[in-house]
Structures are given as C-alpha cells and as structure tokens.
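Please open the model in your viewer and keep the sequence beside it. This tour goes from one residue out to the whole chain.

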Amino acid sequence: AGFTDAKCRLWSVATASMCLAALWFATRPYKGIVHDARLYAVQALHRLNPETYSNDLYFAFGSQDSFSLFTVFYAPIVALLGPGTAHAVVTGIGILCWLPALVYMTRSLFGPGRPALLAAAAVLVLNPYYGALSVFSYGEPFATPRIFAEAFVMAALAESLRRRLWIAGISFACATALHPLMALPGIAVIALLFLPWHRGLQYAFISVALIGGSLALLGVEPFVRATLQFDNTWFDIINSRVGYALLSNWGWRSLFESVLPLTAMAMAFKLGSKLQRRFISAILLVTIAGLILTFLGGDLARNVLIVNLQPWRALWLLT
C-alpha cells in the first residue's frame, strides 16, 4: 500500500528483468570457451602475440578476424584478465546487451505491457536453432561478435519501427563492423520496409552497390570474390567440412525446425496489426531470397562471395 507509481514501475521492471534473466540461464547455461568462442579467443591471443601464431595455418593466409572489429575490443580484456575470465566477462556484457535489445524490439512491435514481455519470454524458451545440423542459434551463451551483432540488429529494427532511421543506421553500422553476416538480413528487411518511400535510403543503397561493384572490378578484397568461382577441389572441401553452408546438404530436420517459426509467423500475420504484417512480410521475403540466393549462387554457381556471405543466415531473424 505504501508503494508509489514510480516504485511500482521500478518493481515491475526489476521483476520482469529477473524473470527474463532466469529464462536465459535456464535455457543457455554457461559452458566456458566452446563452439566458435574458441576461434575468437585464439584470434585475440594472436592480436596480442602475433609472432607466436605467425606460422599457424589458421592465420597464415588471413582469417575471419580481418572482417570484424570484435577482437580489437576483446584482446585488451584478454590481456588484462586472461582468456577464461575475459570470456566470461565479455559473455556477460553480451547478455546485458542482447536481452534489453530483445525487449526493446518486442515493445516496438507490441507496445508496452504484457504482450511484449511474453513475446520476449517466448524468444528465450523456443527452439533457437536455425539452418542445418543445429550448428548456429540466436542468443548464444558464449563470447563471439554474433551476440553483439544480434543485439544491434534488434535495436536497429526497433528504431526503424519507431521511424528513427538515422539511429537505426548507426546500430546497423555497429552490427556490420562486428559481424557483417548477421547484420545483412536486418539491413535487407529495412530496405524492403522503407526503400520504396525514402529517397535518402535509395541514394545510400545505390551508392553502396556502385562502390561494391567498383571495388570488385578493381580486385579489392573481399568484393573481388564476387567474380570468383570455387574449383572442384575447394568445393569438395566445403561440402565435406562445412556442409551446412550449402542448401543441397540440408536434410529434412532443417525443414521440420522451420515449421514452428513459420506457423507462429502465419498466426501473427493473420492476427497482427498492419505494421506487424509489413514487418513479417519483409522478414519472410528476405529469408526466402537468402535461401534462393544461397542455392543458385552457392550450390549451383559456386560463387566465392555468396558462399562466404551465407545468405541463408537470414533464417536467424525468421527463427
């Protein structure tokens, strides 16, 4: 009875935050440096001591570290705390970015109140895996740039739904600097939602396309890869080592895993507002386009850039 409105709101926020945090740790227990966290940990060590790893095959011809700023920030923390503690700390920071971004996006879609909180809870408890072989999932409980890029993409989508496109653009730029593959589907969704009616965005996308094409013709990495094709030997290695990157290797399980998110999307489309239906339509179109581009450009044409970009990863937003 002695609670003021401000105290009640604060208590509600604290309770909701604790519930979402509990759901996170119940569904995503911390297991240390696992999965791709091993790659980024050793990339941080390489940045700190390049001579130690100079002859390692992983770094001899360049690595994925060339396309992300993540280890620029990760390496000093590793130097200060050591790999194990640094990984735990950065994972915790990632969670503190990811969960508020998720809630911000659901509030932008459903408004403040219980529906947004229930939507965020559903994201945490439902199957997070996308793509083939259960390799990747959203909201991973280890330190890679993906958890941060996902947070920036969700924040950018929320800002775009609120018509704050400049802030959305900054968020997308941060996501791209950390993990371009996770950022591109979100950028494509915004393009579908706003490009036909926003002249500034039209000029921006045309400029990016012209610059990218010019850099490809000039032989600048990684854009030059758009002009290259994998030979038979390399393509066989991709098939055997990273089969999930090619749709022809996906099995029935991958299709079954898509049933639940597709069913939820269909229900939301039928029951949702006009804005929600536009948002759903954009995500569906981007996902379908990503899968088609992967199959035509990757499986069939063997284009190096398309296989590298893995357009099928648009499934993370659908999921």
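Helices (H or I, at least four residues) and strands (E, at least two) are DSSP runs, numbered from the N terminus. This is a predicted model, in which local features need pLDDT of at least 70, side-chain atom pairs count only at pLDDT 80 or more, and totals for chains, interfaces and linings use all residues. Residues are numbered from 1 along each chain as its sequence is written, and side-chain values use heavy atoms, with hydrogens and water left out.

Begin by selecting residues 252–257, which form helix H12, and then pick out Glu 257 within this helix. Is Glu 257 buried or exposed? Its relative accessible area is 18%, so Glu 257 counts as buried (under 20% relative accessible area, whereas exposed is over 50% and partly exposed lies in between, with a 1.4 Å probe and protein chains only).

Next, select Asn 127, Tyr 129, Gly 131 and Ser 134, which are in contact with Glu 257 when its neighbours within four places in sequence are left aside; contact means heavy atoms within 4.5 Å.

Now show the whole protein, whose secondary structure comes to 16 helices and 2 strands. Along the principal axes, its C-alpha atoms fill a box of roughly 70 × 50 × 40 Å. If you colour the protein by burial, buried residues make up 42% of the 319 residues. Finally, consider the contacts in the protein with a separation of 6 or more, of which 70% are accounted for by residues 24 or more positions apart.
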